[in-house]
Amino acid sequence: MGRVPGLPPVCLQPPAPGVCRLLDSRYMASIQAAKRALRAQLKQKLAALSELEKLEQSQAVTRKLLSHHRYQTAQRIAVFLNMADEVQTGDIIRDIFHQGKLCFIPRYQPRSAHMDMVRLSSMEEINLLPVTTWNIRQPGQEDYREEALATGGLDLVLVPGLGFDSEGHRLGRGKGYYDTFLARYSRHLSDKPHTIALAFQEQICDSIPVTESDFAIDEVLSAGDLEMLKK
């Protein structure tokens with residue numbers, strides 16, 4: 001787990017009853033406060049990006065991904081339908097279908113941290129999907145779909161987020177969907193899928209505050225020269 005300067009250490013062996021719980025509680029509160037502050041900073045940076053800047057960076061990230069050996073060899077790929085402040089994934093999804101690969105997209109359950117990766121049948125289907133309160137299109141809860149974990153898992157998961165660092169640490173939006181999904185994946189299937197985050201340069205951070213429940217990303221692809229590879 002990454003340490004953040006200025007935060008108290010985690011107590012592993014309590015010196016007295018209740019002391020460890022108190023220190024751990026303070027540590028977690030400090031981590032959450034640091035995450036909230038960093039989210040606010042990153043949202044400001046992303047809001048300052050023009051549509052042209054986001055398009056150009058998205059195109060650069062897409063080119064890197066489509067030439068990546070992990071993408072080229074993957075047959076079952078999970079990809080997010082991007083929000084306005086995320087790397088645009090339309091060309092990636094189009095290529096997944098063009099290459100004859102299987103495409104899975106997130107379906108979030110409201111008022112919970114549960115997320116499934118469900119099959120998307122075509123590029124054209126996206127515009128027919130209902131829109132969530134987050135302004136993201138996804139299949140309705142009553143819409144029966146092939147679910148990735150139940151039918152063989154995934155070769156590659158493309159991950160969104162607000163911020164990333166060189167250790168593969170990721171700062172999401174605070175709902176825990178991807179961390180919960182990857183933890184559930186690891187419990188149900190023996191092999192964890194390879195994870196690649198897609199990022200604007202403005203989302204690259206010196207360090208990300210994390211806890212033990214935060215999954216690290218295997219790779220981060222950004223628009224610039226910085227490539228962060230964990231393995």
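User: Why does leucine 198 count as buried?

Analyst: Buried means under 20% relative accessible area, exposed over 50% and partly exposed in between, with a 1.4 Å probe and protein chains only. Leucine 198 has 2% relative accessibility, so leucine 198 counts as buried. The model is predicted: local features need pLDDT of at least 70, side-chain atom pairs count only at pLDDT 80 or more, and totals for chains, interfaces and linings use all residues. Residues are numbered from 1 along each chain as its sequence is written, and side-chain values use heavy atoms, with hydrogens and water left out.

User: What is leucine 198 in contact with, leaving aside neighbours within four places in sequence?

Analyst: Contact means heavy atoms within 4.5 Å. Among the partners of leucine 198 are Val61, Phe80, Thr89, Leu158 and Leu221. Thr89 lies 109 residues away along the chain, with 9.1 Å between the C-alpha atoms.

User: Why is strand β3 called largely enclosed?

Analyst: Strands are DSSP runs of E, at least two residues, and helices are runs of H or I, at least four, numbered from the N terminus. Five of the six residues of β3 (residues 115-120) are buried, so β3 is largely enclosed by the rest of the structure.

User: What makes β2 and β3 a pair?

Analyst: Two strands pair if DSSP finds at least two bridges between them. Strand β2 (residues 102-108) and β3 have six, in the antiparallel sense. Isoleucine 105 is opposite valine 118 in β3.

User: Which residue in the hairpin of β2 and β3 takes a positive phi?

Analyst: Arginine 111 does, with phi near 60°. This hairpin has six residues between the strands.
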